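Please look over the model below before reading my notes.

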Amino acid sequence: MDEEDVPLPLSVTDRVRSCDTAGESALSDVASPTPSFKKVAFHQQPVPALSWLGLSVSVPVKQGPRQWLSRMFCSLRGSPRVGRRCFRDVEVSSDVEEDTQQFKTLLSGIEGAVSSGEILFIMGGSGAGKTMLLDALADRLSMPVRGQVHLFGVPKASERFRGMARYVQQDDVMYSSLTTRETLEYAAAFAGVPSAKVREVVDKALQVLGLETAANIRVGGRFLRGLSGGQRRRLSVGCQLVSKPTLLLCDEVMSGLDSTAALRVMEHLREVADAGSAVICTVHTPTAAMFDLSDSLCLISRGRVAYFGPSTDVEAYFTEKLGMALPPRLSVAEWVISLCNPDFSASSASMAETICSAWPDSDARVRLLSRIAGRDVSALWETAVRSSTTTIPDPLEDVDLASAPNMATIAELRQGCGCSLLRQTWLLTKRSLVDALRNPGVVWIRLVVHLGLSVVIGLAWFRRPTTTAANLFDLLGLLYFIQTFYVQASLSVLPIYVEEKEIVTRERANQVYGLSAYMAAHLLVEATFLFFLSSVSSTIIFFLCGLNSHFDRYVFFVGMQWLSLMTTESLILLIAAITPVMLVGLATVAFVLAMFTVVQGFVIKMEFLGPLRVLRWVSLNGYALSALFSNELAGQTFAASPNTWPPYPVDVEGDVILASFEFPTLSRFVACGALLAMLVFYRTAAFVWIWAFHNGKK
């Protein structure tokens, strides 16, 4: 009897599907005839590097407060919600039970496996769920994911998985000022490649990716011209390939590449797989040559499996099992994708539904489940039906882990995927310094602006008399303008932070380095640059304007400007981390700094501010300006000026002038302590926010 003549009984299929929709097996409620199964040939294989069963994702049709809080809590936990498994589908736990009218299913009961040394293509039309499936496997979804995922035959743990896996995203976000070679060298160094072998690894990657002629060309960006779109795409892939990960997940790595470049990238992926890595790629329409380089194919349509098995068998499955014919002059990949695309007509939707409905009854699926389980599971359905059991056995329950790495080996794999925290900090500091010196937006534009205005301020207040009360308003206006200008000029750093946030999110999601190392390196580089900036500009202003000539007052003036800049840019770092869009961030920073200026205690009396007066205690402008005033006025005496307006018939004490303002404090050292506390708070809050929300989850 032919294989096609022995389908699974319809009653079994119906009960399997009822498990998918209701979350429980209904086998005991349906009387079925004794089924007749054909024994499917099964060959013992090593336990897959990654296997998944019943992977399902649903989202609320309407996002209410409850759904938003649930999603945020799931993101903070750092792991998806997983329901209890039965054989075919997920038995949904009570806290995630779904009403089909309130939830939209994005993935439904996806199953599959990929072994070391294998390339798996995930294919389907636009919106089929390819990226969603890849993100679910990579723990990059903040929404609940139901199902079972195993890593070398044991339940997958997020930290262990991320230490062994690398993910290539669709977008090419990299430091624009680094050259192609430098970008790959940093990627290899972060991956733990020994320093003596970094150049060899990078040279090989440049050769395979076709980037040898562009090795010394900068990546390019807003201020710098550099690589073309296709070259950037290849470089983005190369950054993950140099680490030779155990698992490599690629999302549309061929996008933006011509056919020749795409084939070269695919050939390099083939080399990575042959070296022992498991590679999973989402692909739109691969060429015939690219398709031939794959080992397995996962074809999905609207979140459902249409086919999973060897790439070489897909044509036979569609022609022999489903009775379809391959049109002439059309590649197999284009043909199966067109068959599974339900978007353009009722007939195409009907065809896709027929194909997806045939998958649960197919022998190809039984072979897949047997591969995942490590044993022949074709008799499990027959046994379950005959005994009227209520729960179908889990195929992984008795899986043989003899061929899988033990936990110690997996731990060693994870340790080999990176470098020490100290080396991470050094590499990040070095890379940030290089970027700061080369990127005009990081250093040079800001330096020119600060130095230029410092000279303008110095010339405007040049040779101003400093000993008479008649010039007090000039002095106070100078100090106010200096402090306000320094704070407001820091707004220009926000676009840089927003751009860098995308890079950090991508690299942290791949566990290239730890967040602690990044924050430490960022603080070191920023403190160094801002100290140089404040020292030069403050020195120009201090001596051209003839401020208090005591050396200790000069040192404090420079130090206060540096601390004020550090605190302001720490606040901007926090706002850049919180706001999702650059324009929103710019507006937020401008509003907050303007509000701090209003309530600082100089431009208006507190009694006129009403409830807003409490904000002066958190106004960094107020503490910075009070420190500058105290540094310049405390202990000074200004000679009487009876013939000016307003007249000053007697000498004026600087301490009296200070007391007339309503700053948060009149002590310059208390003000420094307050600014330092704000700096620590803003940095800590930014760290917590980035750790919780910028982890690569969608």
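1. Basis. This is a predicted model: local features need pLDDT of at least 70, side-chain atom pairs count only at pLDDT 80 or more, and totals for chains, interfaces and linings use all residues. Residues are numbered from 1 along each chain as its sequence is written, and side-chain values use heavy atoms, with hydrogens and water left out.

2. Whole chain. The protein chain holds 25 helices and 14 strands. Both are DSSP runs, numbered from the N terminus: helices are H or I with at least four residues, strands are E with at least two. Of its 698 residues, 56% count as buried, meaning under 20% relative accessible area with a 1.4 Å probe, protein chains only. Among contacts with a separation of 6 or more, 78% join residues 24 or more positions apart. Contact here means heavy atoms within 4.5 Å.

3. The sheet. Six strands make an open, mixed sheet, ordered β8-β9-β10-β5-β11-β12. Two strands pair if DSSP finds at least two bridges between them. β8 (165-168) and β12 (304-310) are the edge strands; each has a single partner strand, so one side of each lacks a neighbour in the sheet. From one strand to the next, the twist averages 15°.

4. Around the sheet. Helix α7 (residues 229-241) packs on the sheet and touches β8 and β9 (247-251). The direction of α7 makes about 175° with that of β8. Axes are lines fitted to C-alpha atoms, for helices over the stretch in contact, and angles run from 0 to 180 degrees between N-to-C directions. β11 (residues 296-301) pairs with β12 in the antiparallel sense, over six bridges. Ser296 has Pro310 of β12 as its bridge partner.

5. Helices α17 and α18. How do α17 (residues 440-460) and α18 (residues 472-489) pack? Their angle is about 170° and their axes are 12 Å apart. They are therefore roughly antiparallel to each other; that label needs over 145 degrees, while under 35 is roughly parallel, 65 to 115 roughly perpendicular and the rest oblique. Val449, His450, Leu453 and Ile457 of α17 meet Leu478, Phe481, Phe485, Tyr486 and Ala489 of α18. By class, this contact has eight nonpolar, one polar and no charged residues. Nonpolar covers Ala, Val, Leu, Ile, Met, Phe, Trp, Tyr, Cys and Pro; charged covers Asp, Glu, Lys and Arg; the others, Gly among them, are polar.

6. Helices α19 and α20. α19 (residues 494-509) packs on α20 (residues 515-544) at about 150°, with axes 11 Å apart. This pair, too, is therefore roughly antiparallel. Tyr497, Glu500, Val504 and Arg508 of α19 make the contact with Leu515, Tyr518, His522 and Glu526 of α20. The residues divide into four nonpolar, one polar and three charged.

7. Helices α5 and α6. The axes of α5 (residues 180-190) and α6 (residues 195-209) come within 9 Å and cross at roughly 125°. That makes α5 oblique to α6. From α5, the residues in contact include Leu184 and Ala188; from α6, they include Val198 and Leu206. The contact has six nonpolar, one polar and four charged residues.

8. Ser420. Ser420 sits in the loop between α15 (407-415) and α16 (421-438). The C-alpha atoms of Ser420 and Ala517 are separated by 9.7 Å, though the residues are 97 apart along the chain.

Key. Buried means under 20% relative accessible area, exposed over 50%, partly exposed in between (1.4 Å probe, protein chains only).
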